[in-house]
Amino acid sequence: MISPYTESILIFIGINTILAYSFYIPMTTNQISGGQGAFMGIGAYFSAAMTVNYHIPFPVALVVSGLMAGGVGVLVGFPALRIRGLYLVIMTLGFAEVVRVFFLTSEYFGAAYGFSKIQELTTMTNVAVVLGLIIFVVYRLERSYLGRALEAIKENDLAAETLGVNITKLKVLMFGFGAMVAGLGGALYAHYALFIDSNNFGFHRSIEMVIFAIFGGVTSIWGPPVGAAILTLFPEVLRFIQEWRMVFYGLLMILMMTFRPQGLVTKHMFKDVLSRRGRQEVGDPA
Amino acid sequence: MIFFQQVINGLMLGCTYVLVALGYTLIFGLLRMIHMAHGEVLMIGGYVALVIIAYLHGNLFLAMLGAIAVTALLGITIYAASIRYVEKGGHLSPLVSTIGIAIVLQEIFTKLFTGEKIAFPQTLVFKNIQVGGLSFNTVQIFIIVLSFAVMFVLYRILKGTMIGKSIRAVSENTETARLLGIRVSWIVVITFALASVLAGIAGVLVGIAYHSIYPLMGIEIGLKGLAIIIIGGMGNVVGAMFSGLLVGLMEVFSVAYISSSYKDAFTFGLMVLILIWKPEGLFGSVTEKR
């Protein structure tokens with residue numbers, strides 16, 4: 001059997017992949033969120049309250065808290081429709097700060113002392129099930145009629161709208177879906193970390209989620225798992241220079257953006273490698 | 001007069017916010033990007049002044065000059081290392097790479113000075129002044145007067161000098177400015193130096209005002225600066241000045257009359273409302289697609 005150490009790393013890779021997907025999903029309609037940490041926090045706090053205070057079974061708490069985060073995501077998604085690009089990043093960042101202050105001041109959720117005495121209910125199995133479902137849904141979605149509509153929005157949303165794509169509905173839907181995934185990740189995190197406080201879901205967490213996704217690549221469904229896995233393992237492998245690992249982490253981000261801003265995995269990468277076709281030939285009708 | 005005291009405190013806080021926000025707004029105007037390590041420039045400005053006063057036994061004037069020189073160079077270095085070669089990658093790439101720089105700088109300063117708050121040496125003479133029942137102290141006056149002087153100088157530079165006019169021209173339209181013979185790459189470098197100096201000065205002022213600095217202070221003030229440029233209108237210099245003071249006053253009053261833990265929620269809540277209701281900001285005009 002695998003050692004507890006390996007198991008904990010695998011669980012963290014799983015949770016971080018889920019979190020990276022929560023950034024990737026709104027990104028499929030060109031919505032960049034800098035506040036996914038807030039939705040993660042909503043999922044974490046509410047699921048913890050449900051299992052600790054009301055003894056609700058974990059799977060139920062998991063689903064309900066994910067739906068709650070998704071619901072809040074839809075509410076945020078509507079005003080977010082008017083805002084795009086960097087403005088959306090900052091708006092979601094600001095929203096996340098408001099949510100963080102809510103948890104910091106809410107007596108019910110332990111305020112500044114945090115929420116403790118959470119049972120350890122997250123296992124490798126349930127992380128794998130949740131992650132598998134998310135990948136399945138996203139994979140099926142991208143290959144459906146809706147997936148082509150999403151791609152159209154990503155390329156040019158005005159053109160997509162004139163072609164009859166309901167961009168309002170799809171953008172809000174994907175924003176809500178992303179928020180729900182963050183909520184699920186948060187619920188799994190809470191029942192593994194066993195103690196949560198508002199600082200777990202602040203600016204740093206949101207940015208971390210962005211980095212996992214961007215590092216792996218946001219044009220391919222396989223980008224988030226690659227990014228999350230490498231960046232979760234990175235500090236473990238670099239134990240021998242533990243002291244300076246954050247510096248390496250920062251430098252890695254700069255180098256990555258300089259030399260490969262599209263992320264490690266790109267959409268047609270596997271296809272290109274398999275068919276030995278050059279980059280220029282992709283999309284060439286002849 | 002407790003109310004008057006709060007107004008002075010609010011102005012003092014607002015002044016440092018304004019200096020930070022102006023840096024963001026200048027850089028955003030030029031490159032349409034958010035410089036996420038701008039708060040770290042502020043933090044380093046504070047530490048440079050601290051080192052000069054506490055370890056090299058310099059005075060406040062020397063400390064200020066040192067902070068200005070170091071942050072100007074730092075700004076240019078950050079641009080060269082994390083922005084110059086990633087600019088073309090869309091919105092996200094410079095955002096991520098400057099966060100990378102921010103992490104590196106936070107870590108280095110945490111290693112050098114520990115992550116804890118350390119005391120900022122007080123060199124100004126602290127004296128209470130009473131004018132007709134209103135009382136304020138020399139430190140408050142120094143910070144407010146110096147900040148307004150810096151804002152005025154910046155305003156004059158932007159309005160009256162060739163460099164300032166070039167900066168505004170590049171902000172309005174990079175290609176046209178280039179065609180008119182402006183060396184755009186130089187203007188960008190100069191703007192980074194200028195913006196970073198503003199943050200550096202703000203860092204020293206924060207040290208003087210709150211008696212302590214810490215390696216992560218850049219994040220907190222940096223995020224506030226972002227909120228302020230949204231409230232005032234991105235790329236709008238006058239808007240940044242007004243909304244910086246507004247946010248400073250609002251925070252101080254919310255601490256005084258409501259609760260200290262809600263002050264961040266007020267600022268960011270206001271920012272979210274502004275984005276929904278008037279995305280171009282309080283002082284902005286509708287010129288570009290958001």
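This is a tutorial dialogue on reading the folds, the contact and a few single residues of a two-chain predicted model.

Me: Where should I start with chain A, and how many helices and strands does its secondary structure come to?

Reply: Start with the inventory of elements, and bear in mind throughout that the model is predicted. The secondary structure of chain A comes to 12 helices and zero strands, so that the order of elements from the N terminus reads α-α-α-α-α-α-α-α-α-α-α-α.

Me: What does the radius of gyration of chain A say when it is set against a compact globule?

Reply: The general idea is to compare the value with the one that a rule based on chain length gives. For 286 residues a compact globule would have a radius of gyration near 19 Å, and chain A, with 19 Å, agrees with this. The C-alpha trace of chain A spans about 65 × 45 × 35 Å along its principal axes, and buried residues make up 48% of the chain. Among the contacts in chain A with a separation of 6 or more, 79% are accounted for by residues 24 or more positions apart.

Me: How many helices and strands does chain B have, and how compact is chain B for its length?

Reply: Chain B has 11 helices and four strands. Its radius of gyration is 19 Å, close to the 19 Å that the globule rule gives for 290 residues, so chain B is as compact as a globular protein of that length. Along the principal axes, the C-alpha trace of chain B spans about 60 × 45 × 35 Å, while 51% of the 290 residues of chain B count as buried. Residues 24 or more positions apart supply 73% of the contacts in chain B with a separation of 6 or more.

Me: How should I read the contact between the chains, and which elements give two or more residues to the side of chain A that touches chain B?

Reply: Begin with the residues on either side, then ask which elements carry them and what classes they belong to. The contact takes 33 residues from chain A and 36 residues from chain B. On the side of chain A that touches chain B, the elements giving two or more residues are helix 4 (86–105), helix 9 (203–216) and helix 11 (245–259) of chain A, and helix 4 of chain A gives the most, with 12 residues. By class, this side of chain A has 25 nonpolar, five polar and three charged residues.

Me: Which residues have the most contacts inside the largest nonpolar core?

Reply: In soluble globular proteins, nonpolar side chains tend to be buried together. The largest nonpolar core here has 175 residues, and those with the most contacts inside it are A:I18, B:V18, B:I201 and B:I230. The largest share of this core, 15 residues, comes from helix 8 (residues 184–210) of chain B. Leaving aside neighbours within four places in sequence, B:I201 is in contact with B:L19, B:G45, B:M64, B:A67, B:I68 and B:V150.

Me: Where do A:L194 and B:T114 lie, and is each of them exposed, partly exposed or buried?

Reply: A:L194 has a phi near 70°, a positive value in a residue other than glycine, and is found in the loop between helix 8 (167–193) and helix 9 of chain A. With 15 C-beta neighbours inside 10 Å, A:L194 counts as partly exposed. B:T114, which is not a glycine either, has a positive phi of about 65° and lies in the loop between helix 4 and strand 1 (118–119) of chain B. B:T114 counts as exposed, with 11 C-beta neighbours inside 10 Å.

Technical notes
Residues are numbered from 1 along each chain as its sequence is written. Chains are lettered from A and ligands numbered from 1 in the order in which they are written. This is a predicted model: local features need pLDDT of at least 70, side-chain atom pairs count only at pLDDT 80 or more; totals for chains, interfaces and linings use all residues. Two residues are in contact if their C-beta atoms, placed from the backbone, lie within 7 Å. Ala, Val, Leu, Ile, Met, Phe, Trp, Tyr, Cys and Pro count as nonpolar, Asp, Glu, Lys and Arg as charged, and the others, Gly among them, as polar. The radius of gyration is taken over C-alpha atoms; the globule rule is 2.2 Å times the number of residues to the power 0.38. A residue is buried if 20 or more other C-beta atoms lie within 10 Å of its own, exposed if 12 or fewer, and partly exposed in between; C-beta atoms are placed from the backbone. A nonpolar core is a set of buried Ala, Val, Leu, Ile, Met, Phe, Trp, Tyr and Cys residues joined through C-beta atoms within 7 Å.
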